[in-house]
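Please open the structure in the viewer and keep the selection tool at hand. The stops below proceed from one selection to the next.

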Amino acid sequence: QVQLVESGGGLVQAGGSLRLSCAASGSIISISNMGWYRQAPGKQRELIVSITSGGSTDYVDSVKGRFTISRDSAWGTVYLQMNSLKPEDTAVYYCYAYYGLGIAWGQGTQVSVSS
């Protein structure tokens, strides 16, 4: 009932910036939490950032101070501004939404940071 479409990935040099977008549709009124996981080559998928329906945010230590999550009203679109990118940020980024019936996932977008 909730579908997510994400965009904004690409190739950047170290120190550069990207902005990811995650657009939600369907039963968005039931969404309680949205954010991004990422999966780097050879590593487990990890939760890096989240935002709740009340506006509270949380970041994994490795991105805190560099990444910022925000959203428009009514969960229309969530954004992840990524600054001061490092090669270790290279991964596939998957947005997600927790809602009444479970979890929805975006299709993933590749972020590559050259050294």
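Begin by selecting Glu46 and Arg38, whose side chains meet in a salt bridge with an N to O distance of 3.2 Å. The model on display is a predicted one.

Glu46 counts as partly exposed because its relative accessibility is 31%, between the limits of 20% and 50%. Arg38, by contrast, has a relative accessible area of 6% and is therefore buried.

A salt bridge joins Arg38 to Asp89, with 3.0 Å between the closest N and O atoms. This pair connects distant parts of the chain: Arg38 belongs to strand β4 (residues 33-39), while Asp89 lies in the loop between β8 (77-82) and β9 (91-99), 51 residues apart. Asp89 is buried, its relative accessible area being 0%.

The side chains of Arg66 and Asp89 form a salt bridge at 2.7 Å, N to O. Here too distant parts of the chain are linked, since Arg66 sits in the loop between β6 (57-59) and β7 (67-71) and Asp89 in the loop between β8 and β9, 23 residues apart. Is this pair buried or exposed? Both Arg66 and Asp89 are buried.

**The nonpolar core**

Now hide the charged side chains and turn to the nonpolar ones. The largest nonpolar core has 31 residues. Select Leu4, Met34, Trp36, Leu80, Met82 and Tyr93, the residues with the most contacts inside this core. Colouring by strand shows where the core draws its members: β1 (2-7), β3 (18-26), β4, β5 (46-52), β7, β8, β9 and β11 (109-114) each give two or more residues. Which element provides the largest share? That element is β9, with five residues.

Centre the view on Met82 and display its surroundings. Beyond its neighbours within four places in sequence, Met82 is in contact with Gly16, Ser17, Leu18, Leu20, Arg66, Phe67, Tyr93 and Val111. Arg66 in this list is also the salt-bridge partner of Asp89.

**The disulfide**

Select Cys22 and Cys95 next. The structure holds one disulfide, formed by Cys22 and Cys95 with their sulfur atoms 2.2 Å apart. The link is right-handed, with 65 degrees about the S-S bond. Cys22 is in strand β3 and Cys95 in strand β9, so that the pair connects distant parts of the chain, 73 residues apart. Accessibility at both ends can be checked in turn: Cys22 is buried at 1% relative accessibility, and Cys95 is buried with a relative accessible area of 0%.

**Ala24**

For the last stop, select Ala24, which is also found in strand β3. Its relative accessibility is 13%, so Ala24 counts as buried, the limit being under 20%. Draw a C-alpha to C-alpha distance from Ala24 to Val5: the two are 6.8 Å apart in space and 19 residues apart in sequence. Then display the contacts of Ala24. Leaving out residues up to four places away in sequence, Ala24 touches Gln3, Leu4, Ile31, Met34, Trp75 and Gly76.

How values were computed: Residues numbered from 1 in each chain as written. Predicted model: local features only at pLDDT ≥ 70, side-chain atom pairs only at ≥ 80, totals over all residues. Heavy atoms only, no water. Salt bridge = Lys/Arg side-chain N within 4 Å of Asp/Glu carboxyl O. Buried < 20%, exposed > 50% of the residue type's maximum accessible area, 1.4 Å probe, protein only. Helix = DSSP H or I, 4+ residues; strand = E, 2+ residues; numbered from the N terminus. Core = buried A, V, L, I, M, F, W, Y, C linked by side-chain atoms within 4.5 Å. Contact = heavy atoms within 4.5 Å. Disulfide = S-S within 2.5 Å.
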